[in-house]
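The sequence and structure are shown first.

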Amino acid sequence: MCAKQVTKIGVLTSGGDAPGMNAAVRAVVRTGIYHGLEVFGIYRGYSGMIDDDIVQMNSRSVANIIQRGGTILKTARSKEFFELEGREKAYKNLAKRGINGLVIIGGDGSFRGAQKFSHEFDIPCIGIPGTIDKDIAGTDFTIGFDTAVNTAVEAIDKIRDTADAHDRLFIVEVMGRDAGYIALHSGIATGAENILIPEAKTNIEELVNSLTEKEKRQKLVNLIVVAEGDEFGANEIADVIRKRLPQTDTRVCILGHIQRGGSPTCLDRLIASRMGYHSVECLLEGRNNVMVGILNNKVHYTPLDKAVKAKQKITDDWFKIVKILAS
Ligand code: ADP
């Protein structure tokens, strides 16, 4: 706990963008103002903190943004913030305005930066998990995941139509460099035959056998969903299948950045609003270095160092579901 009462707070979005960040910014600004705080928007994440790109916000500054993707504050990655010199510059810009509390909406990298900063300059920092990857412990949801999954589902449904029309095998790559949640959720929701994710070792033999067996059963549509961080990428898997099953018309589709954009879903707007509201409450209660998460539909605070290190586990039953339902 931090003893000093916060009076002026800054909010920033940092690292990878995620749909729903705007809803969180709106919640932070309006909750802060409700409590009589001065609220400052810090543009381009830690870069803007270093470059003094900081603007005082009012309720109207965040009007009409709850439904918008991206982030009105912009986001960035900052090399300078890794260095003490950069962080000192950032601190001076906060100090001259009297900003004495921060809300950081971002991923685990942004939280690592926040921990250091808070420790060095005694500024309470509260994290809000904003990442489409959902790979942060201490929360069932991260802002942007639900929208990204729904975007992937919509796209894969369309691919299924053309796969069906031509009897093709489609290998669809979705985002997730370290985590396979987008692949797992969108794969199950679209009835994919196989889902390949970084959390599980990909067994090529098993994959080829299952495709051969499905061919025998004249399965109409074959979809494989691959997370970008899987040990084999979509193209490599396609090469193997083309060699081993040359009779199969195999196509690759990489969904890419469309998964980051778009209007946030109801769920993302809702969790972003709740997390934004509670982040300000946290600062007012004198908390420091915690991430506001939602576990079992209740607000849950996790120390930033725990939110950084741990990852959510994917249990075996998920893989069983994929196997049984795709039979
Ligand atoms: P994300 O928050 O989406 O995981 P990054 O890992 O790129 O994104 O982190 C965002 C920014 O946070 C980095 O560009 C850097 O400015 C800051 N940051 C990350 N790790 C550290 C660290 N160990 N020390 C200081 N700053 C860090």
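## Domain interface and ligand surroundings

In this predicted model, Arg 260 and Asp 17 form a salt bridge, with 3.9 Å between the closest N and O atoms. Between domain 1 and domain 2 the count is one salt bridge. Nine residue pairs are in polar contact across the interface of these two domains. On the side of domain 1 that touches domain 2, five residues are nonpolar, five are polar and five are charged.

The domain assignment divides the protein chain into domain 1, covering 8-144 + 264-309, and domain 2, covering 145-260. Fifteen residues from domain 1 and 15 residues from domain 2 take part in the contact. The centres of the two domains, taken over C-alpha atoms, are 34 Å apart. About 1,200 Å² is buried between domain 1 and domain 2, and carbon and sulfur atoms contribute 55% of this area. Within domain 1, the greatest losses of area to domain 2 fall on Ile 132, Asp 133 and Lys 134, which together account for 46% of what that side buries.

The ligand has 15 residues around it, of which Arg 77, Ser 78, Gly 107, Gly 109 and Ser 110 come nearest.

| Residue | Protein atom | Distance to ligand oxygen |
|---|---|---|
| Asp 108 | side-chain N or O | 3.2 Å |
| Gly 109 | backbone N or O | 3.0 Å |
| Ser 110 | polar side-chain atom | 2.5 Å |

On its own the ligand has 550 Å² of accessible area, and the protein covers 85% of it.

Conventions: Residues are numbered from 1 along each chain as its sequence is written. This is a predicted model: local features need pLDDT of at least 70, side-chain atom pairs count only at pLDDT 80 or more; totals for chains, interfaces and linings use all residues. Side-chain values use heavy atoms; hydrogens and water are left out. Domain bounds come from an automatic or database domain assignment. Contact means heavy atoms within 4.5 Å. Buried area is the accessible area (1.4 Å probe) that two parts lose on being put together, summed over both. A salt bridge is a side-chain nitrogen of Lys or Arg within 4 Å of a carboxyl oxygen of Asp or Glu. A polar contact is a pair of N or O atoms within 3.5 Å; within protein, one must be able to donate a hydrogen and the other to accept it, and residues adjacent in sequence count only if both atoms are side-chain atoms. Ala, Val, Leu, Ile, Met, Phe, Trp, Tyr, Cys and Pro count as nonpolar, Asp, Glu, Lys and Arg as charged, and the others, Gly among them, as polar. A residue is near a molecule or strand if one of its heavy atoms lies within 4 Å of it. Accessible areas come from the Shrake-Rupley method with a 1.4 Å probe; for residues, only the protein chains shown count as cover.
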